[in-house]
Amino acid sequence: MILFEFPLTERIRTLLRLEDVWRRWTHFLEGKHRDDHHAALITLFELADIAGRTDLKLDLMQELDRQRSALLSLPAEEVDTECVAALVERVERTRSALLNMVGRVDHHLRGNEWLMALRARAHIPGGLCAFDAPAYHFWLEQPPERRTQELESWIAPLQPIRNGIELVLSLLRGNAERHEAVATRGAYQRELKGACCLLARVQVDPALQVIPSMSANKYLINLRFGPPRSDLRPSTQPLELDVPFVLELCRL
């Protein structure tokens, strides 16, 4: 099954973007070639750009506060108390780490003149060639272990943000209402009845060769499946087949 995720609020959209960029960061960091670490550094700048656009730390802390209150209000006789206690402890630990972050999310990068010079040139296509940035070329020729160590030191101050994102998205995905459905000729609607849905997840068989597109508000979800297009956009052309799929509606 192919999984498609559709964020239904701007806050969740930002968290999913950061999660995806962090996944790429981890992939490139584990490489040993200079091109892997070049890609990792560019990804670091991308992380800082996204995280610095919103009051991400405050949003995460508020969401963790809500989750802590919700967990503590669960009836003891209906839940695994040890599991809930461990989850509450993780929430509190993650929130404390966020609280201890001082200043802008990317302030440690802004204080590094060498990184800021690279960040500026990275926005120029091909701007980090060896003849444009010889000091950077010298860094890329250092042993991979040294490059890895320095990359990890530059990302370390952002780790509380990453932990907060992972925890919030894990709680969100874990609180999913699952529906097995069929889109008649590729079209499907579902009433939400005012329930606060933050994320919709669609799973579909890749053999069907269809791509979902979604529009939603707090009352209704409209889902349409279409064939792939060469311009990467979802097709508005109606299908001649019914599409079975799994829909998960995630709430916090």
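Which residues does Leu41 touch, not counting those up to four places away in sequence? Hold that thought for a second, everyone, while I say that this is a predicted model.

Here is the reply. Leu41 touches Leu115, Leu118, Tyr136, Leu151 and Trp154, with residues up to four places away in sequence left out. The largest nonpolar core has 49 residues, and Leu41 is among the five that touch the most other members, alongside Trp22, Trp25, Ile161 and Ile165. Who contributes to this core? Two or more residues come from each of helices H1 (10-29), H2 (34-51), H3, H4 (81-99), H6 (113-122), H7 (134-140), H8 (144-155) and H9 (159-174). There is also another core, lying apart from that one, with 19 residues, including Ala183, Ala200, Phe245 and Leu247. As general background, nonpolar side chains in soluble globular proteins tend to be buried together.

Let's move on to H1. With 20 residues at 1.5 Å a residue, H1 should span 28 Å, and its end C-alpha atoms are 29 Å apart, so the two agree. On the buried list for H1 you'll find Ile12, Thr14, Leu15, Leu16, Leu18, Val21, Trp22, Trp25 and Leu29. And what do the buried residues of H1 pack against? Their partners are strand S1 (2-7), H2, H3, H8, H9 and strand S4 (199-204).

Six of its six residues are buried. Leu199, Arg201 and Gln203 sit on one side, Ala200, Val202 and Val204 on the other, and both faces are covered. With S1, S4 pairs in the antiparallel sense over six bridges. With strand S7 (residues 243-250), S4 again runs antiparallel, joined by six bridges.

Glu63 is in helix H3, which covers residues 56-72. Is Glu63 buried or exposed? Its relative accessibility is 8%, and because buried means under 20%, Glu63 counts as buried. The side chain of Glu63 has a polar contact of 2.6 Å with the side chain of Arg66. Setting aside neighbours within four places in sequence, Glu63 is in contact with Arg11, Val168 and Leu252.

Gln142 is in the loop between H7 and H8, and at 14% relative accessibility it counts as buried. Its side chain makes a polar contact of 3.0 Å with the side chain of Arg146.

Last stop: two backbone angles to look at on your screens. Arg185 is in the loop between strand S2 (176-183) and strand S3 (187-191). Phi of Arg185 is near 50 degrees, a positive value in a residue other than glycine. At 42% relative accessibility, Arg185 counts as partly exposed. The other one is Gln209, in the loop between S4 and strand S5 (211-216). Phi of Gln209 is near 55 degrees, again positive in a residue other than glycine. Gln209 counts as exposed, at 53% relative accessibility.

Thanks, everyone, and over to you for comments.

Notes. Residues numbered from 1 in each chain as written. Predicted model: local features only at pLDDT ≥ 70, side-chain atom pairs only at ≥ 80, totals over all residues. Heavy atoms only, no water. Helix = DSSP H or I, 4+ residues; strand = E, 2+ residues; numbered from the N terminus. Buried < 20%, exposed > 50% of the residue type's maximum accessible area, 1.4 Å probe, protein only. Polar contact = N/O pair within 3.5 Å; in protein donor to acceptor, adjacent residues only side chain to side chain. Contact = heavy atoms within 4.5 Å. Core = buried A, V, L, I, M, F, W, Y, C linked by side-chain atoms within 4.5 Å. Expected span 1.5 Å × (residues − 1). Pairing = 2+ DSSP bridges.
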